[in-house]
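Biologist: I would like to go through this model one question at a time. Please give the criteria as each term comes up.

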Amino acid sequence: PPRSTLDRSSAASDVYKRQLYNYVNPRTGKKAPLLSDEVYKVIKKNSEKLDSTIIYNRDYNYDYFGYKTLERSYLLKLNGVVVERPQHMLMRVSVGIHYDDLDSAIETYNLMSKKFFTHATPTLFNSGTQRPQLSSCYLTTVSDDLDGIYEAIKENALLAKYAGGLGNDWTPVRALGAHIRGTNGKSQGVVPFLKVVNDTAVAVNQGG
């Protein structure tokens, strides 16, 4: 496919060093590495072993829909161009989980590469990067006051920023028409706030 590295044979260590770790933002001129220092050091130190472990032919075990899904949301990009092959992603994730425990990292890579299992979306997105947020889902309870409601919305935005799944319990929030002691008015219920929650989830959509 165009605009991707699927047909390139660059070693993983070279891809990560040249493109992902040494990346400089073209607009600001500032270094903006996608990889964490810790993961990059492990890759650099063990580059020959990790490169020799990767089996690129396994990229072609994905069907078209599977690869396009990876290309759209999972493979790391620079300036809108994919700079990871699927096998690079799986090795990045494995090293990001196990660091210097190479035996475990290689075992994890092989199991994922052979499709015995896969990790959840946030792990595939974030493992080995500057923000290694690997958790999938967050459940919160919204309290029955404006501070609590908007704090919950803020938390939703910050969690969605790094691809966390969201679940809010709105049970404590008073129903439509309930009395508000502080203003002697009536509650507008939960629905108006849910509209704000929904718009926040649409706006902060880094996880896709």
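Biologist: Is the crossing in which α4 passes α5 left-handed or right-handed?

Modeller: This is a predicted model, in which local features need pLDDT of at least 70 and side-chain atom pairs count only at pLDDT 80 or more, while totals for chains, interfaces and linings use all residues. Residues are numbered from 1 along each chain as its sequence is written, and side-chain values use heavy atoms, with hydrogens and water left out. Helices (H or I, at least four residues) and strands (E, at least two) are DSSP runs numbered from the N terminus; a crossing is left-handed if the near helix is turned anticlockwise from the far one by less than a right angle, and right-handed if clockwise. The crossing in which α4 passes α5 is left-handed.

Biologist: Which orientation does α4 have to α5?

Modeller: Axes are lines fitted to C-alpha atoms, for helices over the stretch in contact, and angles run from 0 to 180 degrees between N-to-C directions. Angles under 35 degrees count as roughly parallel, over 145 as roughly antiparallel, 65 to 115 as roughly perpendicular and the rest as oblique. The axes of α4 (residues 64–74) and α5 (residues 86–98) come within 11 Å and cross at roughly 55°. The orientation of α4 to α5 is therefore oblique.

Biologist: How many charged residues are in the contact of α4 with α5?

Modeller: Contact means heavy atoms within 4.5 Å. Here Tyr67, Leu70 and Tyr74 of α4 meet Pro86, Met89 and Arg92 of α5. Ala, Val, Leu, Ile, Met, Phe, Trp, Tyr, Cys and Pro count as nonpolar, Asp, Glu, Lys and Arg as charged, and the others, Gly among them, as polar. The contact has 5 nonpolar residues, no polar ones, and a charged count of 1.

Biologist: How many polar residues are in the contact of α5 with α6?

Modeller: The axes of α5 and α6 come within 8 Å and cross at roughly 140°, and α5 passes α6 in a right-handed crossing. Among the contact residues are Leu90, Val95 and His98 of α5 and Ala105, Tyr109 and Met112 of α6. The contact holds 7 nonpolar residues and no charged ones, and its polar count is 6.

Biologist: Are α8 and α9 roughly parallel or roughly antiparallel?

Modeller: The axes of α8 (residues 146–161) and α9 (residues 191–203) come within 9 Å and cross at roughly 20°. α8 and α9 are therefore roughly parallel.

Biologist: What separation do the C-alpha atoms of Ser36 and Thr129 have?

Modeller: Ser36 lies in the loop between α1 and α2 and is buried, with a relative accessible area of 8%. Not counting residues up to four places away in sequence, Ser36 touches Tyr21, Gly128, Thr129 and Gln130. Ser36 and Thr129 are 93 residues apart along the chain, and their C-alpha separation is 4.9 Å.

Biologist: Is Thr140 buried or exposed?

Modeller: Thr140 is found in strand β3 (residues 137–141). Leaving aside neighbours within four places in sequence, Thr140 is in contact with Glu155, Gly167, Asn168 and Asp169. At a relative accessible area of 18%, Thr140 is buried.

Biologist: What is the phi of Asn79?

Modeller: Most residues other than glycine have a negative phi. Asn79 lies in the loop between β1 and β2 and is exposed, with a relative accessible area of 57%. Although Asn79 is not a glycine, its phi is positive, at about 55°.

Note on methods. Buried means under 20% relative accessible area, exposed over 50%, partly exposed in between (1.4 Å probe, protein chains only).
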